[in-house]
Each structure stands twice: as C-alpha cells, then as structure tokens.
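Grab a pencil and open the viewer. Below are a few exercises, each with a worked solution to check yourself against.

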Amino acid sequence: MFKSLALTRLISHHTMSVSRSVIKKVLAVETPEGDGALVRRSIGSMGLRNLTPFLMLDHFHVSEGAGFPDHPHRGQATVTYMLEGSSRHEDSAGHQGTIEAGGVQWMCAGKGIIHAEMPVHTQGASDPRGLQLWVDLPKQFKMVDPSYQELGPDQIPIAYPSGPDGPVKIKVISGSSHGIESPVRPLGGCWFFHVIFDQKSTIFQDIPPSWTSFLYILKGSLTIGLDTLLHKPFHTLVFSNATNETGISITAAEDKTEVILVAGEPLDQTVFQYGPFVMTNRDEIQQTLFDYQAGRNGFEKVHTWKSKIAHD
C-alpha cells in the first residue's frame, strides 16, 4: 500500500521526472579526530574518494574539552552546519563569531586563512554536533581572498513541498528547492539541503544535469526512487548521473527521518591535497608550503597569531 502510494505520487506529481539511483553506499564509522572530537567521515575516507567537487564530509561530535584548535586552509571552501549545540570560530583575519544550532557558516579559504573551531559547552545543553563539508574550489578561485557567508537558524529559508502543513520541510542552505532559493552564493555550483520528514512521505528534488550528488542519513530510514532497499543512519549514498535523470526521489520509511542532500558541479581539474591545503598540482602545494613557512600570501600572521578561543 505504502509503496503504491509513493509510486502514484511520483508519477502524478512528477510526470517528466526521473530519479537517480544509488551507485555507491558507504557507512561512516565514528573515529577520533582533532583534539578529542569524534567524527564519522564518509567522503574523504578510503571507501569514498574522488567525488568531485567534494573532498570531505565529517559528521562530528565534540565533547567537553575537545575541539579543532588553530590550523590553516588553502584552496577549498568549508561548510559547517550545526545540528545541536553551538561552536565558536576565530581566524587570523579578525573574523569571529558563533554558529548556533541550525545555523551554517560557508567559509571560502581561498589563498589562505588560519582559524580555530571550538565548541561551546554549557551545563544542561547538548554536546555540539554538526557536519563539515569540504568543497574544492575551481582553480580560478584558488587564490582569491578568504570570505564568509553565514546564516543563523532563522535566516535559512525553508521549502514546503506539500505546503506548510505537509509532512516534510527542506532547509535550503544553498541552492534552490521547490521555488525557494538560498541567499548563499558559493564559488562553484553547490546545493545543500537538510530534508526533515515529520511523517512518512515522498519528495522529488530536482538536481542540475551532470552534477555530482549524494545523501547522508541522520535519522530514520528511507528508500530511493522505486528501489525497495532500505537505507539507515550514518550511510552516505552516492547517486547515478544519467542524462535523463532529473533529480532524486526520496521516500521516508519512518516518521522523523532526516537527511542531508548535497549536489555540486564537477570540476575538470586534478585534486592535489596535502592536509588542509588543496591545489591542482605538486608545484602549487610546494608553493603553498613555502608561503606558509614564510608567512605570506594569506599566511602573514602564521608566526604571530594565536586564537583566543583555543588558548583561553
């Protein structure tokens, strides 16, 4: 009955829509990372590399006394989306603030930045939990000045595919969903959605042709398209990309199912990564290391700056 209802909705509401299918599935296993944090990493792990333009996806849980003290970046954007609790950030260019639960920070590291990300722990509050996605920058933007786009929990627009009283809502962190558009403008195409099913239901999310897409399951369980295989939390699903596939059909098999759905424009460039530095060849990485050691081209304060939040 439920499968028939999902199929009827898919056909009647999306006559011209064809869903992508799952071509790879990776379980993100919790492992230590940084200074005492626990991280479930899927993209960037041995099981899932080379998913252009995406470099890394971490689902993190930061206990008291843990965090990510001063460290550099060059050549990528980092997207930090808080699910519970909050996290402070501070960088060598003088930018600082707090990402609250439900808020997002989209940082373009560009030519270079040094920053710290430290959780906020208050008595009786949840430990900070969230997601961090690294997105490769197109090579023409690798050496731009660093920049930030930040939205608090009340600033992220929400799409209601079945209306405000319907069973599902979509937080449009970047990109466009069901007529609702985010104000975030990444360098390079990237859509990022938090899909929340209050009840069992089906949605179809359009995805631009040729874009890479994946989904990460936070809670509940779901099926994709007309496939009956059930997918459960902490799995990352990578989707097909046939020319006739216009988006992704997601059916929540449980109430309170939540997923992160992301799509990005693939980049025709080599990824040459050395830790937090992401360039396109060995010479650029060597130049980055020279710049970092010499304190220039974005790393001017490397020998003098220390964050307050990591050293209080």
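**Exercise 1.** Is Lys256 buried or exposed? Look at its backbone too.

Solution. Start with the ground rules: this is a predicted model, where local features need pLDDT of at least 70, side-chain atom pairs count only at pLDDT 80 or more, and totals for chains, interfaces and linings use all residues. Residues are numbered from 1 along each chain as its sequence is written, and side-chain values use heavy atoms, with hydrogens and water left out.

- Step 1: Buried means under 20% relative accessible area, exposed over 50%, and partly exposed in between (1.4 Å probe, protein chains only).
- Step 2: apply them. Lys256 has 52% relative accessibility, so it counts as exposed.
- Step 3: Lys256 lies in the loop between strand 21 (247-252) and strand 22 (257-264). Strands here are DSSP runs (E, at least two residues), as are helices (H or I, at least four), and both are numbered from the N terminus.
- Step 4: check the backbone. Lys256 isn't a glycine, yet its phi is positive, near 65 degrees.

**Exercise 2.** What does Thr212 touch, and which backbone oxygen does its side chain reach?

Solution. 

- Step 1: locate Thr212 in strand 18 (residues 212-219). Its relative accessibility is 15%, so Thr212 counts as buried.
- Step 2: list contacts, meaning heavy atoms within 4.5 Å. Leaving out residues up to four places away in sequence, Thr212 touches Arg20, Leu51, Thr52, Pro53, Phe54, Val262, Ala263, Gly264 and Pro266.
- Step 3: Pro266 is 54 residues from Thr212, but their C-alpha atoms are separated by 6.2 Å.
- Step 4: look for a polar contact, which is a pair of N or O atoms within 3.5 Å; within protein, one must be able to donate a hydrogen and the other to accept it, and residues adjacent in sequence count only if both atoms are side-chain atoms. The side chain of Thr212 gets to the backbone oxygen of Thr52 at 2.7 Å.

**Exercise 3.** Which residues of helix 2 are buried, and what do they pack against?

Solution. 

- Step 1: check the length. The expected span is 1.5 Å times one less than the number of residues. For the 13 residues of helix 2 (residues 282-294) that gives 18 Å, and the end C-alpha atoms are 18 Å apart, which agrees.
- Step 2: sort the residues. Ile285, Thr288 and Asp291 are buried. They cover an arc of only 120 degrees around the axis, so they sit on the same side of helix 2; the arc is that of the directions from the helix axis to the C-beta atoms. Arg282, Asp283 and Gln293 are exposed on the other side.
- Step 3: find the partners. The buried residues of helix 2 pack against strand 23 (272-274) and strand 24 (277-279).
- Step 4: inspect the ends. Asn281 caps the N-terminal end, with a side-chain oxygen 3.1 Å from the backbone nitrogen of Asp283. After helix 2 comes Gly295, with a positive phi near 70 degrees.

**Exercise 4.** How many aromatic pairs does the structure hold? Classify two of them.

Solution. 

- Step 1: set the rule. Rings of Phe, Tyr and Trp (its six-membered ring) pair if their centres lie within 6.5 Å; planes under 30 degrees apart count as stacked, over 60 as edge-to-face and the rest as tilted.
- Step 2: count. There are eight aromatic pairs.
- Step 3: classify Phe60 and Phe68. With 6.3 Å centre to centre and 75 degrees between the planes, this pair is edge-to-face.
- Step 4: classify Trp191 and Phe193. Their centres are 6.0 Å apart and their planes at 70 degrees, so this pair is edge-to-face. Both Trp191 and Phe193 are buried, and together with Trp211 they form one aromatic cluster.
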